Amino acid sequence: MKRNHIACMLALTCMVGALSGCTKEAATPMAIRYQKEAVYPEGIAADDYEKQRKNQEENELNEEFIESLAQFSYKTGTKILSGQEGNAVYSPVSLYMALAAAAAGTDEETKNEMYGLLEISGKDKEYLLDQTGKLYRLLYSDNEAGMLRIANALWIQDGFPVSEKYVNELTKKLYASIFQVDFTDELTKDIMSDWVYKATKELIKPEITITPNQVMTIMNTIYFSDIWKDKFDKENTKEDTFTLEDGTTVSCDFMNQYFYNHEYREGDGFASTYLRFVNNGSMLFILPDEGTDLNSLLSDPEKMKDMLDLSKFHNAEIDFKMPKFDNSSSIDLKAALQGLGMKDAFSKNADFSGISNEPLFISAIKQDARFIADEEGVKAAAYTEISFETTGALVEGTKVNFHLNRPFIYAVVSDDGTVIFMGVCKNPTKL
């Protein structure tokens with residue numbers, strides 16, 4: 001159960017369609033007064049199984065938390081991805097990390113709603129930060145085969161009072177970097193954008209918006225790269241046809257591979273298979289049946305849970321074909337989260353007294369993400385931003401063809417079931 005859920009979360013943090021940047025010239029004393037860079041965990045080599053085992057033992061997650069994380073992925077993935085026009089990429093883990101950092105400073109109804117959204121009602125802040133910190137260390141990797149790097153940052157208006165206890169908790173538990181900036185200086189948004197650009201290995205350079213009343217921003221970034229265990233031969237990449245939702249077609253490069261004995265599943269309204277990575281996890285592909293509307297598969301969390309279940313596969317001989325693609329999206333998350341019951345945090349009644357003795361509310365929350373798949377493997381990145389303002393300011397199977405030649409769903413899932421990315425590819429020729 002544990003392995004399946006964390007795999008599901010990588011598939012949802014991949015349902016998916018992953019660090020040059022912050023220059024010394026941009027980070028002038030005029031815009032940034034103080035910074036404390038996080039010290040990240042040590043990377044573990046892909047073949048250092050002893051260190052991997054030790055890391056897993058030291059950071060074993062509570063079974064209840066694993067279930068909470070999975071349920072969060074199912075319900076937010078359904079709410080955020082359904083009805084999106086064009087390609088969409090979403091990282092549940094990135095949103096969870098950012099919301100956990102914000103929720104650690106809540107009380108009263110704001111806490112009840114945010115903890116409910118995070119599926120940890122009845123738990124305390126210590127539980128939230130302890131489990132989220134362990135998740136961070138379990139997912140974090142940086143070695144010769146690939147990388148799953150998570151970065152958190154707290155951007156605070158110069159002179160705005162923020163609880164020292166809160167800051168220390170974020171730096172120690174969630175490896176957050178701290179920046180004291182001037183949100184009235186236009187240069188600040190360039191510094192923040194450069195930080196994201198660096199943290200996502202130049203995959204995302206967002207358009208940052210700042211306002212005169214802005215006093216704090218929480219940011220989370222995730223960068224993921226890994227290579228296929230069974231790489232595609234570039235000589236087998238051929239141009240072919242992809243059919244769009246409206247029935248029209250586009251031409252794009254398709255990667256081809258033949259598997260004599262490979263995982264395959266036929267579900268209710270879809271077929272699915274997955275490809276393994278060298279470092280950690282797999283990329284799951286969910287292909288709607290002919291005539292089945294893709295959005296109908298994103299209709300409810302239980303359907304999402306079923307599609308991401310890696311325990312239901314059997315072996316088959318597969319002629320596999322998938323388009324090379326580079327998908328990206330920018331999603332305003334406020335309406336979706338309000339629809340899931342998180343309302344108080346966006347109102348003037350919000351209680352973030354654990355962050356500051358000044359009244360705070362969330363003024364904006366968004367996520368940008370990008371997902372690239374080619375013959376070598378996958379690169380993907382996501383960045384989540386929460387802005388605050390103050391009111392005072394091997395068995396033989398059936399032979400099948402699995403051709404991803406129409407809109408499909410995809411996800412990156414870790415070996416223990418965490419969904420890292422999830423996405424919808426409706427047109428592989430469009431960003």
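1. Rings of Phe, Tyr and Trp (its six-membered ring) are taken as a pair if their centres lie within 6.5 Å, with planes under 30 degrees apart counted as stacked, over 60 as edge-to-face and the rest as tilted. On that basis the structure holds 28 aromatic pairs. This is a predicted model, in which local features need pLDDT of at least 70 and side-chain atom pairs count only at pLDDT 80 or more, while totals for chains, interfaces and linings use all residues. Residues are numbered from 1 along each chain as its sequence is written, and side-chain values use heavy atoms, with hydrogens and water left out.

2. The structure holds 28 aromatic pairs, and one of them is the stacked pair of Y136 and Y175, with 4.6 Å centre to centre and 20 degrees between the planes. This pair links distant parts of the chain, since Y136 lies in helix α6 (residues 125–139) and Y175 in the loop between α7 (164–173) and β6 (176–181), 39 residues apart; helices (H or I, at least four residues) and strands (E, at least two) are DSSP runs, numbered from the N terminus. Y136 counts as buried at 0% relative accessibility, and Y175 counts as buried at 15%, where buried means under 20% relative accessible area, exposed over 50% and partly exposed in between (1.4 Å probe, protein chains only).

3. The rings of F224 and F277 form an edge-to-face pair, because their planes stand at 70 degrees, with the centres 5.3 Å apart. Here too distant parts of the chain are linked, with F224 in strand β7 (residues 214–227) and F277 in the loop between β10 (270–276) and β11 (282–288), 53 residues apart. F224 is buried, with a relative accessible area of 2%, and F277 is buried, with a relative accessible area of 2%.

4. For the salt bridges, the rule asks for a side-chain nitrogen of Lys or Arg within 4 Å of a carboxyl oxygen of Asp or Glu, and the count comes to 20. In one of them E57 is joined to R53, the closest N and O atoms being 2.5 Å apart; the two residues are four apart in helix α2 (residues 49–58), and are therefore separated by about one helical turn. E57 counts as exposed at 51% relative accessibility, whereas R53 counts as partly exposed at 35%, and a network of salt bridges links E50, R53 and E57.

5. D240 and K321 also meet through their side chains in a salt bridge (3.0 Å, N to O). D240 lies in strand β8 (residues 238–243) and K321 in strand β12 (residues 314–323), so the pair ties together parts that are 81 residues apart in sequence. D240 is partly exposed, with a relative accessible area of 30%, whereas K321 is buried, with 14%. The charged end of K321 also sits over the ring of F254, 5.9 Å from its centre, the rule being that NZ of Lys or CZ of Arg is within 6 Å of the ring centre and within 35 degrees of the ring normal.

6. On cysteines, a disulfide is a pair of cysteine sulfur atoms within 2.5 Å, and by this rule the count comes to zero. The sulfur of C252 is 7.9 Å from the closest cysteine sulfur, in C425, and this is too far for a bond. C252 counts as buried at 8% relative accessibility, and C425 counts as buried at 0%.
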